[in-house]
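Subject: Structure handover

Hello,

Here is the structure I promised to pass on. Please open it first, then read the notes below.

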2 protein chains.
Amino acid sequence: MARPRRPILTRARIVESALAIVDAEGLDALSTRRLAHELAVKAPSLYNHFSTKEEILDAVGDSIIAEVDLSMFNGHRLGPEEWPEALRRWARAYRAALAAHPNIVPFLARGPGRRPAALKLADQVYGALVDAGWPRSHATRIGATMRYLVAGSAVGSFALGFVDDPGVYAENYPHLGDAHRLREHHEQVDEGAFELGLSALLDGLIALYPTVRAGSGA
Amino acid sequence: MARPRRPILTRARIVESALAIVDAEGLDALSTRRLAHELAVKAPSLYNHFSTKEEILDAVGDSIIAEVDLSMFNGHRLGPEEWPEALRRWARAYRAALAAHPNIVPFLARGPGRRPAALKLADQVYGALVDAGWPRSHATRIGATMRYLVAGSAVGSFALGFVDDPGVYAENYPHLGDAHRLREHHEQVDEGAFELGLSALLDGLIALYPTVRAGSGA
DNA sequence: GTCTATATAGCGATAGAC
DNA sequence: GTCTATCGCTATATAGAC
């Protein structure tokens, strides 16, 4: 085939295709051969656009984080009445972005590293919390614990973790009699659990807010 | 060598060694050859004790969950004043068990499946919450959202996710000036974030409790 | 910038000897 | 119950032709 007049591959096409494979078949299914096949080229061609497979995975991960809406932190400094709703909207957007691609969440959970979209997200959340009056040490921990809830809810479905087989539970687990039915409504179950946790967490933080501000001399 | 007078391998030894490899080098590093080498045998011998590699991994995962203390749910029915502290103690034990083996958390996050220790854990937590007066739908969601927080905090360190290189952040991320120092105290940072989130979450649930009980006619 | 060919290495699992 | 030998397959990455 030799050199085509216009490049067949672009970084964007490679990233898009890699994400589709990871979504459909998991992280382990992403190989250079498999990816190249999907793009109708041969594996070595990928190395004209990325140096290593790890670099491809970084780009895939950052492309997901880049989709998370951060507009609730822009425009103006959040007041004492505003940060809880901003945090709620951000957490929902964050979870939606991750839950759409659960197979890559373990990779993303390793942290932002040097990926620009992930760093921008961390920067905006931390800055907004500090601006809203939280002490820096609390802002760090609030950002982290929100990430825990989001990542935990996206890394694996609670409801889908149970087997669709009543016999497994009936014998030895007296309270799990209906666990096999969780699968039917797994999306509602998982989203409902996330929303309950999010609301409770925010309520707890709202209760803490005046105490912490008084204590830190604000 | 032929048949030894006493078995060299046992399921317990295989599981222990497999866990050590996963802890030290990650899930991908666990191969039958690598595992056999660690046990000073050859790979095919493992198949006298487990049918597949997946079966070994299931046993490894369940051995971790089996270590989680559940004694706070035993002995007596938890009263309206007792469930929050029981939940707190359970969450800490759960997190400690998972955070000691972060590389296997993505595997565990897929759910209990048919693994007995994981099913026992789910059964006990759900049963305790229902006994304490929570409606069943809330008990499911509370158990799930606690698992989200625990799994999210264990699947990857927040603090270790940042690079130890001030130059990465100084340029483009105005609020992350000290992010490179998170690594120094990563354990305190991560545990502090978990404790803050746990307390806030429990405070929120405590506030919700009387409302829900009144509403459901209890 | 894509190709063919290949280097180098590893994988899970099975058959059959002892 | 462990061994040797092996099947069939996969992987990331590089060299050099066009």
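Predicted model: local features only at pLDDT ≥ 70, side-chain atom pairs only at ≥ 80, totals over all residues.

How many residues does helix 1 of chain B have, and how far does helix 1 reach from its first C-alpha to its last? Helix 1 of chain B covers residues 11-25, which makes 15 residues. The reach is 21 Å, close to the 21 Å expected at 1.5 Å a residue.

Now the packing of that helix. B:Ile14, B:Val15, B:Ser17, B:Ala18, B:Leu19 and B:Val22 are buried. As a rule, an α-helix has 3.6 residues a turn, so residues three or four places apart point the same way. The partners of the buried residues in helix 1 of chain B are helix 2 (32-38) and helix 3 (53-65) of chain B. After helix 1 of chain B comes B:Gly26. The phi of B:Gly26 is positive, near 100°.

Next, the domains of chain A. Domain 1 spans 11-64 and domain 2 spans 68-215. Their centres, taken over C-alpha atoms, are 28 Å apart. Eleven residues from domain 1 of chain A and ten from domain 2 of chain A make the contact.

Which elements give two or more residues to the domain 1 side of chain A that touches domain 2? They are helix 1 (11-25) and helix 3 (53-65) of chain A. Helix 3 of chain A gives the largest share of that side, six residues. By type, the residues on this side of domain 1 of chain A are six nonpolar, two polar and three charged.

Best wishes

How values were computed: Residues numbered from 1 in each chain as written. Chains lettered and ligands numbered in written order. Helix = DSSP H or I, 4+ residues; strand = E, 2+ residues; numbered from the N terminus. Expected span 1.5 Å × (residues − 1). Buried ≥ 20, exposed ≤ 12 C-beta atoms within 10 Å, placed from the backbone. Contact = placed C-beta atoms within 7 Å. Domains from an automatic or database assignment. Nonpolar A, V, L, I, M, F, W, Y, C, P; charged D, E, K, R; others polar.
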